[in-house]
Amino acid sequence: MRGSVTLGDGVRIETGVGTVVADAKRPDGDLVVCSHAHTDHLPNTRSRSNTDHATATICSPLTGALAGVRRSTELEVGEHPDVTLLPAGHVAGSRAVLIDDGDTRYCYTGDVCTRDRCHLDGFEPPDADVLVMEATYGKPGYVFPDHDEIERAIFEWLEATMHRPVILVGYALGRAQKLQHIVERSARTRCLISEDVAAVNEPIERLADVTFDVERLEDVLDPDGDETLDPDGEESLEPGDALVVPSNVASSQRIQQATEGTDALTAGFSGWAAGPSFRYRGGYDETFPLSDHCDFEELLALVDAVDPDAVYTQHGFADEFAQELVSAGYRARSLRRNQATLSDF
């Protein structure tokens with residue numbers, strides 16, 4: 001039914017220009033969209049069950065290239081005259097999508113952030129009739145300090161701990177790039193990165209006119225976990241060093257050994273650090289609410305700027321945020337699998 005928005009394998013939007021399927025694992029729409037290259041938004045396969053459906057993906061060239069790092073196969077990048085990609089401000093290459101079928105304007109944000117920070121410009125909300133948006137931090141209480149204030153706190157901590165190496169933990173795509181730029185502007189003597197962060201850096205430097213003045217710490221990621229960093233070797237961490245690693249590597253035996261052998265401190269970076277338990281769950285020495293998402297107040301401001309007729313929420317506190325919007329006078333509903341259409345309001 002034209003105008004319907006449903007959640008199944010990705011978000012499915014029935015429009016006058018065809019069925020748009022966004023961020024699906026096995027997309028089968030007329031138009032296939034990928035908002036960014038985090039693995040929970042990338043397709044698992046390039047195959048299509050119906051050869052009449054799209055074979056190319058509407059995404060940024062950088063997202064297409066990053067898919068080759070994250071999923072081993074680059075995406076074939078497509079376009080459509082009725083689909084406009086808008087910088088989403090989430091991670092390098094991330095895009096929101098505006099579909100205009102001549103009757104209705106649909107905006108699908110994917111993950112989104114409206115704050116300018118480091119090498120990214122924040123998302124600028126467009127006018128749209130239907131808004132499909134994330135709600136990761138869509139609950140009162142998740143409000144982040146100003147980005148400049150967060151950076152100042154990080155700089156102060158990096159300087160106060162110069163007598164010890166530090167291990168900075170953030171996603172390989174997104175947080176890791178911002179942490180590299182922050183370290184480069186700090187008093188730290190060296191910024192080192194793990195191999196998987198280096199792999200993500202390569203297409204960003206090539207396609208986004210961004211450079212990282214860092215050194216690669218070889219062999220930090222040992223698949224067998226049976227080797228340790230030699231404290232006397234050239235790759236050992238030293239006072240003044242900052243090592244940036246992704247969160248899925250931080251708890252590895254190799255990193256734990258590096259931390260114990262060099263008396264390094266660990267810091268975690270996430271919007272969840274705005275809550276009381278993130279530091280203790282991660283076992284971090286320090287945490288900072290450095291996020292690639294909108295906080296609660298920014299999500300509300302985003303909706304106000306778009307001023308849509310209908311809002312669908314997904315991810316995180318989707319139910320709670322939809323109720324906040326209803327209380328504010330919007331027609332809003334959280335997306336549930338195959339249950340939400342415009343006629344359900």
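Analyst: In this predicted model, helix α8 passes helix α9 in a right-handed crossing. Helix α8 covers residues 296-306 and helix α9 covers residues 318-327. Their axes are 12 Å apart and the angle between them is about 50°. Angles from 65 to 115 degrees count as roughly perpendicular and those under 35 as roughly parallel, so α8 and α9 are described as oblique to each other. On the α8 side, the contact is made by F296, L299, L300 and V303. On the α9 side, F321, E324 and L325 take part. Sorted by class, the residues of this contact are six nonpolar, no polar and one charged.

The next pair is α3 and α4. Helix α3 spans residues 175-184, and helix α4 spans residues 195-207. Here the packing angle is about 85° and the axes lie 10 Å apart. The two helices are therefore roughly perpendicular to each other. From α3, the residues in contact are A176, Q177 and Q180. From α4, they are V197, V200, N201 and I204. The class count for the contact of α3 with α4 is four nonpolar, three polar and no charged residues.

Helix α4 also packs against helix α1, which runs over residues 61-70. The axes of α1 and α4 come within 9 Å and cross at roughly 160°. Angles over 145 degrees count as roughly antiparallel, and that is why α1 is called roughly antiparallel to α4. The crossing of α1 past α4 is right-handed. Helix α1 contributes P61, L62, A65, L66, V69 and R70 to the contact. Helix α4 contributes A199, V200, P203, I204, R206 and L207. By class, this contact has 10 nonpolar, no polar and two charged residues. V200 and I204 of α4 are listed in the contact with α1 and also in the contact with α3.

The largest pocket has a volume of about 470 Å³. Its lining is made up of 22 residues. Those that lie nearest the centre of the largest pocket are H38, Y171, R175, W272 and H293. The lining of the largest pocket divides into seven nonpolar, 10 polar and five charged residues.

The second largest pocket has a volume of about 270 Å³. It is lined by 17 residues, and the closest to its centre are P87, A92, G93, R95 and L120. In this lining, 10 residues are nonpolar, five are polar and two are charged.

Methods:
Residues are numbered from 1 along each chain as its sequence is written. This is a predicted model: local features need pLDDT of at least 70, side-chain atom pairs count only at pLDDT 80 or more; totals for chains, interfaces and linings use all residues. Side-chain values use heavy atoms; hydrogens and water are left out. On a 1 Å grid over the protein atoms alone, a cavity is a set of points where a 1.4 Å probe fits but cannot get out, and a pocket is an open set with protein on both sides within 12 Å along at least five of seven lines; lining residues have an atom within 4 Å of a point. Grid points are joined across faces, edges and corners, and a volume is the space filled by probe spheres set on the points. Ala, Val, Leu, Ile, Met, Phe, Trp, Tyr, Cys and Pro count as nonpolar, Asp, Glu, Lys and Arg as charged, and the others, Gly among them, as polar. Axes are lines fitted to C-alpha atoms, for helices over the stretch in contact, and angles run from 0 to 180 degrees between N-to-C directions. Helices (H or I, at least four residues) and strands (E, at least two) are DSSP runs, numbered from the N terminus. A crossing is left-handed if the near helix is turned anticlockwise from the far one by less than a right angle, and right-handed if clockwise. Contact means heavy atoms within 4.5 Å.
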